[in-house]
Number of protein chains: 2
Amino acid sequence: MKLWLTTMIAATTIAIGQPAQASKPELNNDLAYKLVESLTVEVGPRLAGSEADARAVAWAEQKFRQLGFDKVWTEPFTMQYWERGNASLRVEAPFNQALVLTALGGSVGTPFDGITSQVVMFDNLQQLQQANPAEVKDKIVFINQTLRKDIRGSFYGQVVGARAQGAVEAAKLGAKAIIIRSVGTSNNRFAHTGIMRYSEDVPRIPAAAISVPDAMQLSKMLAIHPETNLSLHMKNNLPGEVTSHNVIAEITGSKRPDEIVLIGAHIDSWDEGTGALDDGAGVGLVMATAALLKQQKPERTIRVVLFGNEEGGLIGARAYAAHHAAELKNHVFASESDFGAGRIWRFDTGFGEQALAFAAELQQDLKHLGIEAGSNTASGGPDVSVLKAQGVPVASLQQDGTDYFDFHHTPNDTLDKIDPAALQQNLKAWLIMTSKIANSNVDLRK
Amino acid sequence: MKLWLTTMIAATTIAIGQPAQASKPELNNDLAYKLVESLTVEVGPRLAGSEADARAVAWAEQKFRQLGFDKVWTEPFTMQYWERGNASLRVEAPFNQALVLTALGGSVGTPFDGITSQVVMFDNLQQLQQANPAEVKDKIVFINQTLRKDIRGSFYGQVVGARAQGAVEAAKLGAKAIIIRSVGTSNNRFAHTGIMRYSEDVPRIPAAAISVPDAMQLSKMLAIHPETNLSLHMKNNLPGEVTSHNVIAEITGSKRPDEIVLIGAHIDSWDEGTGALDDGAGVGLVMATAALLKQQKPERTIRVVLFGNEEGGLIGARAYAAHHAAELKNHVFASESDFGAGRIWRFDTGFGEQALAFAAELQQDLKHLGIEAGSNTASGGPDVSVLKAQGVPVASLQQDGTDYFDFHHTPNDTLDKIDPAALQQNLKAWLIMTSKIANSNVDLRK
Ligand SMILES: [Zn+2]
Ligand SMILES: [Zn+2]
Ligand SMILES: [Zn+2]
Ligand SMILES: [Zn+2]
């Protein structure tokens with residue numbers, strides 16, 4: 001066992017759920033940071049289904065054991081594997097130059113000789129949907145929609161449709177390919193990847209994102225020379241079905257071991273960054289939370305679930321929900337960390353009416369960390385939303401996501417983007433929330 | 001002729017060299033911005049010697065003519081052409097993952113099968129020079145030196161030696177290749193290119209830079225596992241001698257046409273960004289300055305020189321100095337803009353002693369733009385320093401370079417990084433300086 005793991009846990013004096021004693025020595029523990037550091041340095045990018053994904057799963061199993069969890073296991077699920085190949089996008093004469101692009105996850109490649117065609121630009125998905133097919137036929141569609149910043153990432157949902165559905169909508173109108181402005185908020189010259197979808201009855205056309213500066217560049221070119229042609233080459237591999245795994249570990253409850261408090265994150269990441277913010281930080285936080293609570297002997301079982309293939313569309317979460325269908329009634333709570341590593345600013349619940357007094361106590365306990373009381377409409381996080389749909393009570397420790405989409409799903413999602421102090425504030429909040437729920441007998445469903 | 005060019009020049013009321021009338025309408029002219037926009041959008045990256053370089057030269061000739069310059073011509077020079085090929089750098093087991101790299105300009109490629117070897121890390125070039133050859137032999141050298149930020153970019157000169165000389169020093173000790181931490185100040189995951197050198201009597205080994213986050217990543221790996229192996233593949237083309245051009249244009253002096261006031265920038269750029277900051281901004285500024293001064297009928301000739309192949313080592317500047325050797329005595333002044341597009345904060349001269357009273361007047365004229373009086377030790381700029389060495393009086397309108405090395409020589413050097421307001425402040429300063437010198441009869445050599 002690595003020395004830093006033992007030392008860290010042994011040396012930590014944890015004053016959890018005791019905000020009245022805030023004048024006592026503060027939790028000063030960088031276990032969450034050490035874990036995300038280890039995952040990103042020693043494994044790095046871990047695209048679901050890849051060899052690196054398998055190494056990440058092995059890493060997690062080993063770390064859970066080293067951290068003294070009572071049970072550690074993996075659960076297999078099958079998934080469609082997709083792997084990025086080389087890609088290039090060139091503006092043809094008169095403005096010959098390369099644009100920075102990235103394939104969207106799941107996209108087919110181009111024919112070997114590529115696709116060379118005129119571009120037609122739209123402001124958003126809705127405008128494309130209303131286009132005259134004659135304008136679009138045989139062209140490369142370009143959706144040039146800007147993502148605005150805010151603390152909640154509220155605008156992501158409005159813009160990401162172009163990424164997810166754009167290829168289907170463009171292909172319906174006869175387009176040969178689609179490129180979108182990156183669904184990102186920085187003007188760094190990185191393109192932003194993420195999953196896209198096809199539809200059974202619509203031709204599968206290649207889909208890619210170009211960086212924000214390239215989108216600005218291309219729109220300026222089109223203003224001068226509307227007949228600009230692009231040449232797109234993209235090779236991706238879609239080898240079919242492979243097996244990946246959810247990784248699960250428990251601290252067994254001392255009094256009510258069959259009551260499960262689930263805290264989760266996702267173990268997979270996109271392939272171009274090292275998945276530090278998405279979702280290495282979450283992995284570090286939930287692993288550290290449960291490990292640090294072990295010495296408290298929590299009454300309920302704390303189950304950490306590191307979901308596989310979140311990025312491909314909650315594939316591991318759906319497998320978990322199916323596999324544990326009979327047991328979901330024993331899931332008294334679930335929550336996920338998957339919005340980077342910014343400070344937690346708000347606490348939302350998704351509890352039953354009678355449990356709102358308990359929610360208010362939790363809000364009070366979190367207040368000294370600068371965390372506002374939120375609503376009772378929490379999703380619990382992307383993977384956990386699948387459990388919420390099955391009636392599991394959830395909560396969301398909302399992170400400040402103002403800068404999240406500067407880095408998310410780009411090569412720039414690396415360890416140096418994590419502020420250790422902010423991560424520690426996260427860990428304190430996770431410890432308070434998890435400890436209180438794991439030592440309570442309140443039924444959050446009611 | 002493009003409408004925006006004519007309109008912009010005709011509509012501009014310029015009150016130059018009249019700071020006493022600062023209450024009059026301000027110069028509000030975005031010709032410099034429009035020019036760098038046109039160059040970066042319509043030509044883009046323009047690596048010296050490439051087809052794009054030739055397009056940039058043609059662009060400049062055409063724009064000079066459209067702007068009404070009295071004379072426009074090009075001067076050929078020969079240069080060694082170097083072209084980037086595909087490159088990849090992978091960490092081998094147990095931490096298998098790709099690192100982001102870029103070939104240094106001029107570097108040879110690797111053998112087809114790449115170079116796989118253990119890494120040996122040094123803090124800086126000096127430490128490498130003092131190393132025991134047994135430590136270095138057959139390894140890949142990694143120089144992990146950090147570049148600090150400041151307004152003058154003062155630290156660049158201290159760090160860039162690893163890039164320029166590292167391959168020679170590593171090869172002397174038997175290394176197979178060298179990688180350096182990017183000579184850049186941002187933690188964006190871009191690697192920073194730039195020219196490197198070989199020495200006649202030392203084996204030519206491949207040289208590349210990795211991004212700052214990758215350098216941090218690699219040093220963390222080495223701390224855990226000092227025997228980490230890297231696998232480097234790099235293909236570059238070094239096809240030999242080609243011809244490139246300096247582009248020159250003049251506004252003929254109305255009273256002393258044989259006295260040349262030279263203002264310059266460099267037309268070439270590295271290949272991964274669009275060369276907006278380095279040196280599209282400079283190109284826009286000096287072209288706009290001379291064009292806007294034409295209506296004033298300056299007494300001396302204003303000669304704009306867009307130097308070719310600055311990046312390869314002032315190749316165009318040396319050709320210019322050689323070709324114009326007999327005429328250099330008529331160069332009464334020279335200055336270059338080549339440090340991005342930040343606000344000018346200081347004015348330095350390189351004049352004769354008797355001309356310092358005139359320098360003081362200039363400092364006074366620039367003061368209302370927030371520009372401090374500087375020293376009399378200006379270089380004049382990288383290309384112009386070649387002319388200074390031949391006795392030509394120079395000055396430097398020093399730009400705020402605090403963020404310059406966040407973008408410089410990376411894919412991130414794009415138009416959106418230019419602040420139009422800062423560029424306009426630059427243009428005002430260039431107009432004041434150039435106008436005053438072009439309408440003076442002071443001998444700046446004395
Ligand atoms: Zn995520
Ligand atoms: Zn994600
Ligand atoms: Zn330059
Ligand atoms: Zn440069």
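Which protein donors does the zinc ion (ligand 2) have? They are Asp278(A) (OD), Glu311(A) (OE), Glu311(A) (OE) and His409(A) (NE2). The model is predicted. This briefing covers zinc sites in chains A and B.

**Zinc ion (ligand 2), chain A**
- The protein donors lie 2.0 to 2.5 Å from the zinc ion (ligand 2).
- Angles among the four donor atoms run from 57 to 143°.
- Along the chain, the donors follow the spacing D-x32-E-x97-H.
- Asp278(A) bridges the zinc ion (ligand 2) and the zinc ion (ligand 1). These two ions lie 3.3 Å apart.
- Asp278(A) sits in helix 9 (residues 276-293) of chain A, while Glu311(A) sits in the loop between strand 10 (300-307) and helix 10 (315-323). The pair is 33 residues apart and links distant parts of the chain.
- Both Asp278(A) and Glu311(A) are buried.

**Zinc ion (ligand 3), chain B**
- His266(B) (NE2), Asp278(B) (OD), Asp338(B) (OD) and Asp338(B) (OD) coordinate the zinc ion (ligand 3) at 2.0 to 2.5 Å.
- The site is irregular, with angles of 55 to 145° among its four donor atoms.
- The donor residues are spaced H-x11-D-x59-D in sequence.
- Asp278(B) bridges the zinc ion (ligand 3) and the zinc ion (ligand 4), which lie 3.3 Å apart.
- Asp278(B) belongs to helix 9 (residues 276-293) of chain B. Asp338(B) is in the loop between strand 11 (331-336) and strand 12 (344-350), and the pair is 60 residues apart.
- Asp278(B) is buried, with a relative accessible area of 4%. Asp338(B) is buried too, at 11%.

Note on methods
Residues are numbered from 1 along each chain as its sequence is written. Chains are lettered from A and ligands numbered from 1 in the order in which they are written. This is a predicted model: local features need pLDDT of at least 70, side-chain atom pairs count only at pLDDT 80 or more; totals for chains, interfaces and linings use all residues. Side-chain values use heavy atoms; hydrogens and water are left out. Donors are N, O and S atoms within 2.8 Å of the metal (3.2 Å for Na, K and Ca); water is not among the atoms, so sites may look incomplete. Four donors count as tetrahedral if all angles lie between 85 and 135 degrees; four count as square planar and six as octahedral if opposite donors are over 155 degrees apart and all others between 65 and 115; anything else is irregular. Helices (H or I, at least four residues) and strands (E, at least two) are DSSP runs, numbered from the N terminus. Buried means under 20% relative accessible area, exposed over 50%, partly exposed in between (1.4 Å probe, protein chains only).
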